[in-house]
Amino acid sequence: MSSSTSTSVPTATKPQPQSQSQQKQPTVLLCIGMAGSGKTTFMQRINAYLHSIKKPPYVINLDPAVTHLPFTANIDIRDTINYKEVMKQYNLGPNGGILTSLNLFTTKFDQVLDFVSKRAPTLDYIILDTPGQIEIFTWSASGAIITDALAATYPCAVAYIIDTPRTTSPSTFMSNMLYACSILYKTKLPFILVFNKTDVVSHEFAVEWMTDFESFQQALQNDTSYMGSLMNSMCLVLEEFYQHLKVVGVSAITGAGMDEFFEAVDEASKEYETVYKPELEKLIREKAERQEAAKQAQITKLMKDMDMSDAPKTDQMMEEEEETEEVDGDDGDHDYDEDADYEAMRKHQEQLDDQSFGRWLKQAREGGDGNIE
Ligand SMILES: Nc1nc2c(ncn2[C@@H]2O[C@H](COP(=O)(O)OP(=O)(O)OP(=O)(O)O)[C@@H](O)[C@H]2O)c(=O)[nH]1
């Protein structure tokens with residue numbers, strides 16, 4: 001786990017050396033969190049922060065149910081999808097309405113990517129606000145499509161927003177961590193745990209629990225229930241998960257922790273380049289190889305079906321050909337036998353005909369048929 005606590009100049013503000021051939025790619029930040037954790041307020045804060053350092057971000061709102069956006073979005077799902085209309089038209093409840101709206105929007109996401117790609121060379125950050133009902137984005141096909149589409153092109157990181165004052169009990173903390181863990185393993189993207197609302201409660205207790213499992217077990221001391229012992233074991237399991245996280249404490253209201261947050265984003269962007277991107281490229285390469293192999297197999301099969309002699313022959317094809325020749329030989333003998341049988345039958349029939357004709361002639365003569373003479 002890396003906890004960013006330094007107050008030095010944010011790396012995001014330092015000029016980055018740019019190779020001529022390499023086009024600048026903005027970093028995508030996906031803001032995900034439980035309802036009420038402060039995603040929208042946090043989006044407003046980072047938007048204001050980035051404007052203040054002269055790096056205005058490209059803002060995308062994916063929450064169709066938000067009534068008021070305290071910032072201007074470049075692309076807003078609400079401009080194309082009327083969430084209340086969707087609920088009425090499809091006879092859905094609020095969650096079904098949000099999910100269907102997101103699904104409808106995802107069908108047009110290629111157009112969103114087009115818009116983004118036109119602006120990308122001039123951008124440093126693309127920030128996305130997601131629906132309040134976290135599972136609608138994290139566990140839906142649309143959420144996965146949007147995340148994968150962005151992560152395939154741009155360095156991408158998840159900012160998981162946590163309501164710190166509501167996470168002070170070991171059980172809510174553990175629930176939140178397990179949820180974060182599920183998102184990390186689902187997206188496999190660089191992950192930043194953003195403890196929000198630190199103006200109310202400092203996030204230090206959380207950092208301590210994550211770095212020292214004994215302190216978490218101490219907090220559980222009075223909990224002798226089954227849940228208590230389960231959490232006791234879980235904290236050991238989660239130790240490995242914590243090591244892959246960047247942790248920052250912020251206040252979306254006061255603006256505290258913004259420098260640390262963008263330092264973590266910068267690290268996450270590098271992690272994307274060194275870990276996620278090579279893995280993605282490997283997957284793409286493997287898929288291309290599988291497709292090429294399948295194509296070659298199809299061509300070989302087609303050549304064989306067409307009996308193209310100049311087609312490259314595999315050992316198996318040669319063996320099959322030899323077997324076929326042997327069978328053809330048998331067929332020739334068989335044809336020969338059939339011809340002999342046919343000839344014998346023909347002769348036999350001729351004999352029968354001759355005999356029959358002879359009998360008829362004899363009868364005709366005996367019967368005095370003058371015409372016969
Ligand atoms: N004290 C304090 N309150 C905050 C902070 N960030 C957000 N809030 C408050 O938390 C409440 C929820 O904030 P939102 O930004 O609407 O949270 P959200 O996650 O976008 O909410 P949904 O879209 O409904 O899921 C609001 O009343 C905010 O004013 C913070 O840093 N400190």
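Me: What should be kept in mind about the model and its numbering?

Reply: The model is predicted: local features need pLDDT of at least 70, side-chain atom pairs count only at pLDDT 80 or more, and totals for chains, interfaces and linings use all residues. Residues are numbered from 1 along each chain as its sequence is written, and side-chain values use heavy atoms, with hydrogens and water left out.

Me: What makes a residue part of the surroundings of the ligand, and how many residues are there?

Reply: A residue is near a molecule or strand if one of its heavy atoms lies within 4 Å of it. The ligand is surrounded by 17 residues, the closest being K39, T40, T41, D199 and A252. Five residues of this shell are nonpolar, eight are polar and four are charged. For that division, Ala, Val, Leu, Ile, Met, Phe, Trp, Tyr, Cys and Pro count as nonpolar, Asp, Glu, Lys and Arg as charged, and the others, Gly among them, as polar.

Me: Which element gives the largest share of the shell around the ligand?

Reply: Helix α1 (residues 39-52) gives the largest share, three residues. Helices (H or I, at least four residues) and strands (E, at least two) are DSSP runs, numbered from the N terminus.

Me: What makes a region a pocket, and what is the volume of the second largest pocket?

Reply: Rolling a probe the size of a water molecule over the atoms shows where empty space is left. On a 1 Å grid over the protein atoms alone, a pocket is an open set of points where a 1.4 Å probe fits, with protein on both sides within 12 Å along at least five of seven lines; lining residues have an atom within 4 Å of a point. The second largest pocket has a volume of about 540 Å³, where grid points are joined across faces, edges and corners and the volume is the space filled by probe spheres set on the points. Its lining holds 23 residues, with L184, T187, K188, L189 and Y276 nearest the centre. Two or more lining residues come from each of α6 (134-138), α7 (141-153), α8 (170-187) and α12 (258-305), and α12 gives the largest share, six residues. The lining divides into 13 nonpolar, five polar and five charged residues.

Me: Is K188 buried or exposed, and what of L189?

Reply: Buried means under 20% relative accessible area, exposed over 50%, and partly exposed in between (1.4 Å probe, protein chains only). K188 has 59%, so K188 is exposed; L189 has 1% and therefore counts as buried. K188 lies in the loop between α8 and β7 (191-196), and L189 is in the loop between α8 and β7. K188 also has a positive phi of about 60°, although K188 is not a glycine.

Me: How do you know that W360 is partly exposed?

Reply: The relative accessibility of W360 is 46%, so W360 counts as partly exposed. W360 belongs to helix α13 (residues 315-366).

Me: Why is V194 called buried?

Reply: V194 has 0% relative accessibility and therefore counts as buried. V194 is in strand β7, and its C-alpha lies 6.7 Å from that of V250, 56 residues away in sequence.
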